[in-house]
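Subject: Structure for your review

Hello,

Here is the structure we discussed, and my notes follow below it. Please read them with the model open.

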Amino acid sequence: MSTRPSTVPLPDPGPGVPRTVPRGCPLCEAMCGLAVTLDADDRVVTVRGDDHDVYSAGYLCPKGASLGAVDDDPDRLTRPLVRRDGELRPATWDEAFAEVDRLLGPLLATDRDTVAAYIGNPTGHNVAFTLLAGRLARSLGSAQTYSPATMDQLPQTVTAALLFGEPSSIPVPDLDTTDLLVIVGGNPLVSNGSVGASPDYRGKLRALRARGGRLVVVDPARTATADVADDHLRVRPGTDLFLLLGLLHVVITEDRVRLRAAEGRVSGLAELRTAVAPWTPEAAARACGIAPDAIVRLARELAGTGRAAVYGRLGTTLNRHGTLTCWALQVLNVVCGHLDRPGGLQFTRPVTGSPTTRRATRPPRPFTTGRYRTRVGGHPEVLGELPVAALAEEILTPGPGRVRGMVVYGGNLARSMPDSTSMQRALADLDALVCVDPYLNETTRYADVILPPPGSLTRDHFDLVLYQFAQRNFARFSRPARPVPDGMIPEWEILLRLCAIYEGRGPGADPGLVDDEIAASLRASVARGLDTGEDGIVTDFPERGPRRLLDLRIRSGPYGDHFGRVPGGLTLARLLGSPHGIDLGPLGPRLDEVIRTPSGTIELAPAQVLDALAGVAAPVAEPGTLLLIGRRDLRSKNSWLHNVDRLARGPERAMLYVSPGDAHELGVDDGGTVSVGSAAGRIRVPVRLTDEVPDGVCSLPHGWGHDDDHARLHVAARQPGVNSNTLTDGSVLDPLSGTVQMNAVPVRVEPAPRGS
Ligand SMILES: Nc1nc2c(c(=O)[nH]1)N[C@H]1C(S)=C(S)[C@@H](COP(=O)(O)OP(=O)(O)OC[C@H]3O[C@@H](n4cnc5c(=O)[nH]c(N)nc54)[C@H](O)[C@@H]3O)O[C@H]1N2
Ligand SMILES: Nc1nc2c(c(=O)[nH]1)N[C@H]1C(S)=C(S)[C@@H](COP(=O)(O)OP(=O)(O)OC[C@H]3O[C@@H](n4cnc5c(=O)[nH]c(N)nc54)[C@H](O)[C@@H]3O)O[C@H]1N2
Ligand code: SF4
Ligand SMILES: [Mo]
């Protein structure tokens with residue numbers, strides 16, 4: 001094993017002196033290394049890209065450059081708020097935790113499922129949550145567990161579980177050496193990519209084309225990424241499944257299947273052939289709006305190119321056939337021979353290991369869902385989660401077992417969730433709402449207790465989860481750039497104190513004991529995994545906190561020193577000494593250890609998929625409607641960062657994009673205001689006429705609508721924008737994953753008289 005540290009030393013004189021410190025950026029999945037300069041008062045002076053970073057080599061985007069302003073936003077809460085006489089008022093930490101105990105204790109003592117938990121997006125970038133998530137869930141012990149997965153990547157996760165036997169086995173496209181990259185429903189020049197993100201995605205695409213490679217984008221919208229593509233296929237929203245079935249049909253019926261790395265390791269090819277038989281290029285074209293000859297050409301190109309990768313993201317997941325779409329996409333990669341090969345799709349080997357870097361402890365079982373169901377809609381559990389689209393009715397519908405309390409860790413449900421009108425009614429209806437969140441925003445304003453964590457620069461940073469989907473195997477550990485301000489407590493401690501409360505130990509229990517228990521149980525499982533006694537497991541970081549757990553995970557991981565048994569192996573101490581990161585090499589072949597299905601093969605035609613596929617039909621457009629799709633913005637992150645002046649400045653972003661043709665037909669002017677209605681609600685929104693959307697499609701970003709008078713978001717309120725999730729109705733779910741349709745939502749658009 002070779003591990004390459006970046007050796008440029010960087011002084012770390014600690015707080016109270018001017019200094020530049022390296023930091024991992026927590027704002028998106030690209031995981032850039034930043035260089036943060038602070039003055040003697042620990043104020044952030046500048047944030048630049050860290051030129052010495054082993055992974056991002058100096059790249060950063062406007063969000064990363066604003067990290068100091070994000071952390072120093074004067075609207076951030078600096079102490080807990082507790083509701084007294086109907087008003088949220090400042091309180092001490094002890095008072096706040098006592099109130100959490102008073103509110104949740106009786107509910108948990110009666111029926112644990114009456115308390116729901118939502119674990120929001122920013123927690124994935126936060127070492128406190130990623131290390132403590134398991135314990136938090138066990139301590140709460142509620143089946144009512146929700147996360148953005150069911151409005152994001154769960155169809156990809158379920159696909160990985162079905163095909164490869166392990167939910168986290170999602171391969172990433174090898175951007176550096178591919179000759180043909182097909183991006184389906186992703187806009188990485190704005191999102192920086194996701195489940196396959198990369199710093200400087202634009203540079204990677206430029207290099208791809210410079211070496212003679214081609215970029216094909218499948219997207220109804222002419223996005224920034226589509227703008228730099230060689231081919232842009234403007235698929236009809238929600239119909240990628242049919243395009244992919246058409247591509248599979250051509251590859252299979254023209255005998256172009258070449259399994260290469262997967263040779264001898266697949267099953268279900270005959271069933272796959274039968275399943276795609278009806279989807280001739282002509283049939284696929286009728287359903288998805290891409291011409292038959294374009295489908296044939298792309299299929300042949302994919303099968304005939306040695307280094308090619310098909311990559312899909314939210315455009316493939318947020319629709320009624322999310323899992324089928326992600327399945328068809330990944331199966332296409334397999335039958336064209338692009339899996340587990342350089343230039344194709346590869347599996348990372350993350351530094352703290354994953355289920356597939358470890359020996360299996362029991363024989364693999366078939367993937368199933370529905371161990372339990374939601375009370376009202378009967379939606380099945382999928383990988384321990386329930387669909388976010390079901391949460392509001394679980395709260396609002398009377399009857400035994402009704403959800404009455406909720407804990408939200410870094411989530412803005414009132415803006416992120418489908419049918420947010422119902423969601424807000426549900427938030428208002430709860431008997432107890434506890435939010436761990438730095439802001440008083442559209443969601444936390446309904447809280448009974450807000451527990452605000454200090455800014456990201458005060459904590460250890462390590463991308464425990466995201467290394468799993470990196471472009472290279474690498475690791476970087478960042479120490480806090482500055483101390484936790486007086487009067488605040490680290491998020492780590494907030495979460496441990498909540499665990500103690502959920503476990504009935506009371507608000508005054510020593511959170512350190514919970515920390516010790518977590519460390520003891522991790523140590524025991526590390527010893528079992530390494531086939532050694534616990535005496536041999538001695539960490540360099542015996543103190544309480546994230547470092548102890550990380551050292552145990554890193555040293556027992558695939559690059560670890562196995563506590564002295566692998567000389568030269570990785571330890572947290574070595575990572576601390578290499579603040580620009582350690583490069584652990586390019587992604588390499590991993591298929592043998594990755595496949596964990598009962599058959600020991602990649603199961604191309606799982607029964608669940610074949611059953612669901614038998615019932616699919618091309619959607620029929622409702623006359624008089626446009627299909628609403630989402631859009632992201634480089635200087636935003638979902639529902640937040642809108643309160644940071646340097647990111648919020650500039651023209652209105654929450655505008656409805658409408659094609660000139662549709663605008664003409666509707667009698668709508670550029671800059672005018674329209675009324676948009678759906679099954680869930682109605683909004684008024686300004687319009688931009690643009691050919692970025694085709695006829696029949698309109699687009700609007702989510703996460704806006706900062707017009708709630710009870711929130712404390714002074715900058716965001718100046719240009720609040722509209723909340724697009726008033727329109728997403730949450731009634732259409734992907735049956736295999738519970739993921740909600742948030743794209744291709746039918747809406748009716750009408751001109752709204754000015755000033756009305
Ligand atoms: N700047 C910025 N970066 C972000 C975020 C952010 O809010 N802002 N959010 C982060 C998060 S949480 C995530 S999950 C990722 C998401 O990462 P991406 O998936 O890359 O982000 P989106 O911009 O939502 O891209 C989805 C694309 O799908 C297209 N689309 C919509 N419907 C369809 C369809 O039916 N078929 C096809 N083929 N395309 C369709 C849309 O036009 C859009 O271009 O981004 C992350 N990065
Ligand atoms: N219509 C539509 N809706 C969508 C999407 C879409 O494409 N279209 N995308 C969906 C997707 S992919 C996602 S991931 C979700 C995201 O939705 P959410 O899970 O709600 O995530 P965010 O909006 O990113 O941020 C949520 C909260 O985290 C808080 N926060 C920020 N930093 C921290 C921190 O360090 N600690 C804590 N405790 N809290 C913090 C912020 O103040 C904010 O209140 O939205 C989904 N909603
Ligand atoms: S691309 Fe992502 S990780 Fe890099 S600086 Fe921007 S927000 Fe941070
Ligand atoms: Mo997401």
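A backbone N or O atom of N412 lies 2.8 Å from an oxygen atom of ligand 2. That is a polar contact, meaning a pair of N or O atoms within 3.5 Å; within protein, one atom must be able to donate a hydrogen and the other to accept it, and residues adjacent in sequence count only if both atoms are side-chain atoms. Side chains reach ligand 2 as well: a polar side-chain atom of Y118 lies 2.6 Å from one of its oxygen atoms, and a polar side-chain atom of S416 lies 2.6 Å from an oxygen atom of ligand 2. In total, 31 residues surround ligand 2, the closest being Y118, S416, D437, E491 and S639. A residue is counted as near a molecule or strand if one of its heavy atoms lies within 4 Å of it.

Before the rest, some ground rules. This is a predicted model, in which local features need pLDDT of at least 70 and side-chain atom pairs count only at pLDDT 80 or more, while totals for chains, interfaces and linings use all residues. Residues are numbered from 1 along each chain as its sequence is written, chains are lettered from A and ligands numbered from 1 in the order in which they are written, and side-chain values use heavy atoms, with hydrogens and water left out.

Ligand 1 has 30 residues around it, and D219, G238, D240, D633 and N638 come nearest. A backbone N or O atom of G238 lies 2.6 Å from an oxygen atom of ligand 1. R632 places a polar side-chain atom 2.8 Å from an oxygen atom of ligand 1, and D633 has a backbone N or O atom 2.8 Å from a nitrogen atom of that ligand.

Next, the sheet. Seven strands form an open, mixed sheet in the order 6-5-18-17-16-7-8. Helices (H or I, at least four residues) and strands (E, at least two) are DSSP runs numbered from the N terminus, and two strands pair if DSSP finds at least two bridges between them. Strand 6 (87–90) and strand 8 (145–146) are the edge strands, each pairing on one side only. Strand 7 (residues 115–119) runs parallel to strand 16 (residues 405–409), with five bridges between them; I119 has Y409 of strand 16 as its bridge partner. Helix 18 (residues 491–502) packs on the sheet, where it touches strand 16, strand 17 (432–436) and strand 18 (449–451), and its direction makes about 160° with that of strand 16. Contact means heavy atoms within 4.5 Å; axes are lines fitted to C-alpha atoms, for helices over the stretch in contact, and angles run from 0 to 180 degrees between N-to-C directions.

R497 is found in helix 18. It counts as buried, at 11% relative accessibility; buried means under 20% relative accessible area, exposed over 50%, and partly exposed in between (1.4 Å probe, protein chains only). The side chain of R497 makes a polar contact of 3.0 Å with the side chain of D94. Not counting residues up to four places away in sequence, R497 touches D94, F97, P507 and P511.

P511 is also one of the buried residues of helix 19, among them V514, D515, I518 and L522. These buried residues pack against helix 4 (127–140), helix 18 and helix 20 (546–555). At the N-terminal end, D510 caps helix 19, with a side-chain oxygen 2.7 Å from the backbone nitrogen of G512. Helix 19 (residues 511–529) has 19 residues and should span 27 Å at 1.5 Å a residue, which agrees with its end C-alpha atoms being 27 Å apart; the expected span is 1.5 Å times one less than the number of residues. D531 follows helix 19 and has a positive phi, near 55°.

Helix 5 (residues 154–164) is mostly covered, with eleven of its eleven residues buried. Its cover includes strand 14 (308–312), helix 13 (314–317), helix 14 (322–335), helix 22 (591–594), strand 21 (602–603) and helix 23 (607–614). G165 follows helix 5, with a positive phi near 90°.

Two loop residues are left. D255, in the loop between helix 9 (240–253) and strand 13 (266–267), has a positive phi near 55° without being a glycine. D255 is exposed, with a relative accessible area of 53%. A744 is not a glycine either, and its phi is positive at about 60°. A744 lies in the loop between helix 26 (714–718) and strand 27 (745–751) and counts as buried at 10% relative accessibility.

Regards
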